[in-house]
Amino acid sequence: MIAVGRSPSYIWKSIIWGRELLIKGLRKKVGTGDTILVFQDPWLPRPFSFKPTSFNHSHSNLLVKDLMAETRIGWNVDLLRVLFNEADQQCIGSIPLCKFPKKDSWMWHYTVDGSYSVKSGYYVASQLNLTATSPSKDEFSIWWKKFWKLHLPNKVLNCNWRGFHEILPTSKGLQKRSILPHSNCLICGYSNESNGHAVFLCRGFRKGEFELFLVAAWYVWSERTQIVHGREQFSPTVVVSRIHKLHAEFSE
């Protein structure tokens, strides 16, 4: 697993901290059960390991589908009694099975719809005392002070700030505030319009704009690397011009 390093940047520490947080809150959602290892993967709806407390070395490669009854709409109760203690039996039995299951998938345990939210992430961090290892408030405060001093229109800064804090008026956000009766994207109809969907994933989002964003991100990083290795820094006007030129070349 990738380590933090000796003198990590604020962004890198944030990424590592976020990774640790996700590990503590992600678990497998049982569908067909043919990709979930019973004693190795996190799949039980029980924090914080999401794994059975019982363990049998002779069944280390057992799959969740092997615990299901022949009908596939219930659990093999007799087998559960043999392999698990009472607490594990009750936890497994609480997981509903469908007659026509979907593929196994990952989900965030701490929200109803299985999608990560900043609020639920903070809750998990506070419960596990992860806030002590998160980027310091001083670093965070300095970063936002620099952000608000950028020479950009207030509407651009406000939009990005609201996006970071997940308070853009997407359908998902409006549904949570009981303003909309659904969370469907009003452009493409997708059933869960989050900030990420609205900005990057919506089919109504013009492909060229998304490509330009990706080219800009790559070019800025490339510029940064070359400056670190001694090359002179170009003016913002030159950088923007080159980004558009590269995008035009890639689009041909």
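Me: What share of the 252 residues counts as buried?
Reply: 30% of them. Buried means under 20% relative accessible area, with a 1.4 Å probe and protein chains only. This is a predicted model: local features need pLDDT of at least 70, side-chain atom pairs count only at pLDDT 80 or more, and totals for chains, interfaces and linings use all residues. Residues are numbered from 1 along each chain as its sequence is written, and side-chain values use heavy atoms, with hydrogens and water left out.

Me: Which residues touch the most other members in the largest nonpolar core?
Reply: Trp43, Leu67 and Trp75, out of 18 residues. Helix H2 (77-83) and helix H3 (86-93) each supply at least two residues of this core. A nonpolar core is a set of buried Ala, Val, Leu, Ile, Met, Phe, Trp, Tyr and Cys residues joined through side-chain atoms within 4.5 Å. Helices are DSSP runs (H or I, at least four residues), numbered from the N terminus.

Me: And what does Leu67 touch?
Reply: Its partners include Val38, Leu62, Phe84 and Ile92, leaving out residues up to four places away in sequence. Contact means heavy atoms within 4.5 Å.

Me: New topic. Which residues lie nearest the centre of the second largest pocket?
Reply: Tyr116, Glu166, Lys172, Ser194 and Asn195, among 21 lining residues. A pocket is an open set of points on a 1 Å grid over the protein atoms alone, where a 1.4 Å probe fits, with protein on both sides within 12 Å along at least five of seven lines; lining residues have an atom within 4 Å of a point.

Me: Which helix gives the most to that lining?
Reply: H8, with 4 residues.

Conventions: Buried means under 20% relative accessible area, exposed over 50%, partly exposed in between (1.4 Å probe, protein chains only).
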